[in-house]
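The sequence and the structure are shown first.

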Amino acid sequence: MNIAIISGSNVRSSGNGSISLRTGELLKSRLKDMKSDCSVNLVDLRDYKLTSCGMCESCAETQRCVEDEDFNKLYDTIKKADELIFICPHYAPIPSKLVILFEKLEEMSYLGICSGKKNFHPTNGKKAGIIAHGGMTEGYDQRYKEDILTPLTNVMECIGMRVINKMGNKPICFGVQDFEKVDNKRTYDIIYDMDGLQQAVDGFIELYARS
Ligand SMILES: Cc1cc2nc3c(=O)[nH]c(=O)nc-3n(C[C@H](O)[C@H](O)[C@H](O)COP(=O)(O)O)c2cc1C
């Protein structure tokens, strides 16, 4: 069993402390506890330079993007994985690299359908899920559900994934605990809700195990 976890943050300044990456790391260790023989590949989208789809249609025959070698690397990772998990921070509203990734996957899927190749697409029938998070201290459940979980679930289903979030009766997401103003700094320091992160990962794993 090969699982790919894709961390959708593009915040370079968070470095190794990226909350998306830390969510991915915790998830990876929980998945390994659950299935010791599985291989989990944690992908950090900050390491990829992606360019948006111009729908040139060159990928229709080759399943390669002629302009974006980094997308091709991600495509190979997704193809190799049996199951896919996305960690998505709330931006404005969805991080652009994640949008580009789904944009290209969906165009490839559409072009495949147009040329009669219905089941060639690498996401077809794969179990998948999403954990959403962001910088809100309260009331984020509904916001992250509307802005992140529902749109991503829709596009993932559109390219054939079996999205486990649909089974749960509450959104899998977490916010932050507080903000702190620090002198001489442009932005507030964020106090992360590590309990919220753990609970979201636990909720995800529970759903994942029974689907
Ligand atoms: C351009 C941009 C817009 C953001 N907008 C929002 C927002 O509207 N709501 C929100 O809860 N968080 C927002 N955030 C905060 C991020 O969700 C979150 O703090 C950040 O991605 C954490 O990055 P990390 O996962 O690498 O630590 C925004 C971040 C960026 C970079």
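## Helix α6 and the rest of the model

D195 is located in helix α6, which covers residues 194-209. The model is a predicted one. D195 counts as exposed because 10 C-beta neighbours lie inside 10 Å, and a residue is exposed if it has 12 or fewer. V176 and D195 are 19 residues apart in sequence, and their C-alpha atoms are 9.8 Å apart in space.

**Overall layout**

The protein contains six helices and eight strands. Read from the N terminus, the order of elements is β-α-β-α-α-β-α-β-α-β-β-β-β-α. The radius of gyration is 17 Å, close to the 17 Å given by the globule rule for 211 residues, so the protein is as compact as a globular protein of that length. The C-alpha trace spans about 55 × 40 × 30 Å along its principal axes. Of the 211 residues, 36% count as buried. Among contacts with a separation of 6 or more, 71% are between residues 24 or more positions apart.

**Helix α5**

Helix α5 is made of 19 residues, 140-158. At 1.5 Å a residue, this helix should span 27 Å, and its end C-alpha atoms are 26 Å apart, which agrees. There is a bend of about 40° in α5 at E146.

Which residues of α5 are buried? They are Y140, Y144, I148, L149, L152 and M156. An α-helix has 3.6 residues a turn, so residues three or four places apart point the same way. The cover over the buried residues of α5 includes the strands β3 (83-89), β4 (127-133), β5 (162-163) and β6 (173-174). After α5 comes G160, with a positive phi near 85°.

**Backbone features in the loops**

Two residues other than glycine, E57 and Q63, have a positive phi.

P93 belongs to the loop between β3 and α4 (96-114).

**The ligand shell**

How many residues surround the ligand? There are 13, and the closest are S9, S18, S20, P89 and G134. By type, the shell around the ligand holds six nonpolar residues and seven polar ones, with no charged residue. P89, one of the closest residues to the ligand, lies within the range of strand β3 (83-89), and β3 is one of the strands that cover the buried residues of α5.

Terms used: Residues numbered from 1 in each chain as written. Predicted model: local features only at pLDDT ≥ 70, side-chain atom pairs only at ≥ 80, totals over all residues. Near = placed C-beta within 6 Å. Nonpolar A, V, L, I, M, F, W, Y, C, P; charged D, E, K, R; others polar. Helix = DSSP H or I, 4+ residues; strand = E, 2+ residues; numbered from the N terminus. Expected span 1.5 Å × (residues − 1). Bend = angle between axes of the 7 residues up to and from the residue. Buried ≥ 20, exposed ≤ 12 C-beta atoms within 10 Å, placed from the backbone. Contact = placed C-beta atoms within 7 Å. Rg over C-alpha atoms; globule rule 2.2 N^0.38 Å.
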